[in-house]
Amino acid sequence: MIADVIKPGLDVLFCGINPGLVSEATGHHFARPGNRFWPALHSSGFTPYQFAPAEQEKLLDLGLGITNVVARPSAQAAELTIDEMKQGAVELTEKVERYSPKVLAVLGVTVYRAAFGRKKAQVGAQQDTVGGVRVWILPNPSGLNAHWQLPALAEEFRRLKSSL
């Protein structure tokens, strides 16, 4: 299991689907080469330079954190069951209530729809809240998500940043 990067009162708690095998091996979120989380975070202005996954703890000083919907690592998110995602939503809600970030940014519209039963959710700001916290859905930054190239992905991160 990979540890959350979290503390109370963050501006944004980024929430991945679940750790990949490289993240599990290294203990760092979004560690697989080709994942666009770190480049998008920097390109959007959230970080002063492109952090390496091993620098993830520096996010806390910027009011940012990372968690996952499901803690179990897998080679692909498609390996997760709907029950795991729904249980992850319950645990994520409890975590959000405990830490009270300003925004929960879920990285993947499909996992948000499945975990929270919001079948019509789209990328962007949501009307719903999780644990009383505003929700913003970002595209999944995995290199496997070919629908979203880095410039468009970074623009969605920028939209979130400008809403803070």
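**Entry 1: salt bridges**

I took a salt bridge to be a side-chain nitrogen of Lys or Arg within 4 Å of a carboxyl oxygen of Asp or Glu. The model I examined is a predicted one.

I then checked accessibility: D11 has a relative accessible area of 24% and is partly exposed, whereas K102 has 54% and is exposed.

I next looked up E84 and R72, whose side chains meet in a salt bridge with an N to O distance of 2.6 Å. E84 lies in helix α3 and R72 in the loop between β2 and α3, so this pair ties together parts 12 residues apart in sequence. I noted E84 as partly exposed at 22% relative accessibility, and R72 as partly exposed at 33%.

I also recorded a salt bridge between the side chains of E55 and K58, at 3.0 Å from N to O. K58 counts as partly exposed, at 39% relative accessibility.

**Entry 2: helix α3**

Which residues of α3 are buried? I listed M85, G88, A89, L92, K95 and V96. Viewed down the axis of α3, these buried residues fall within an arc of 135°, so they line one face of the helix. The face turned away from this buried side carries the exposed residues D83 and R98.

I then asked what the buried residues of α3 pack against. The elements I found are the strands β1, β2 (64–68), β3 (103–107), β4 (124–130) and β5 (133–138), together with helix α4 (109–116). After α3 comes S100, and I noted that its phi is positive, near 50°.

**Entry 3: aromatic rings**

I turned to the aromatic side chains. A pair of aromatic rings is described by the distance of the centres and the angle of the planes. The structure holds eight aromatic pairs.

I looked up F14 and F37, an edge-to-face pair with 5.4 Å from centre to centre and 80° between the planes. F14 is in strand β1 (residues 12–16) and F37 in helix α2 (residues 37–43); they are 23 residues apart, and the pair links distant parts of the chain. Are F14 and F37 buried or exposed? I found both to be buried.

F37 also pairs with F157: the ring centres are 6.1 Å apart and the planes stand at 65°, so this pair is edge-to-face. Since F37 lies in helix α2 and F157 in helix α5 (residues 150–163), the pair ties together parts that are 120 residues apart in sequence. F37 has 0% relative accessibility and counts as buried; F157 is likewise buried, at 0%.

I recorded one aromatic cluster formed by F14, F30, F37, W38, F46 and F157. Finally, I noted that K161 lies over the face of F46, a member of this cluster, at 5.9 Å from the ring centre.

How values were computed. Residues numbered from 1 in each chain as written. Predicted model: local features only at pLDDT ≥ 70, side-chain atom pairs only at ≥ 80, totals over all residues. Heavy atoms only, no water. Phe/Tyr/Trp six-rings, centres within 6.5 Å; stacked < 30°, edge-to-face > 60°. Helix = DSSP H or I, 4+ residues; strand = E, 2+ residues; numbered from the N terminus. Buried < 20%, exposed > 50% of the residue type's maximum accessible area, 1.4 Å probe, protein only. Lys NZ or Arg CZ within 6 Å of the ring centre and 35° of its normal. Arc of directions from axis to C-beta. Contact = heavy atoms within 4.5 Å.
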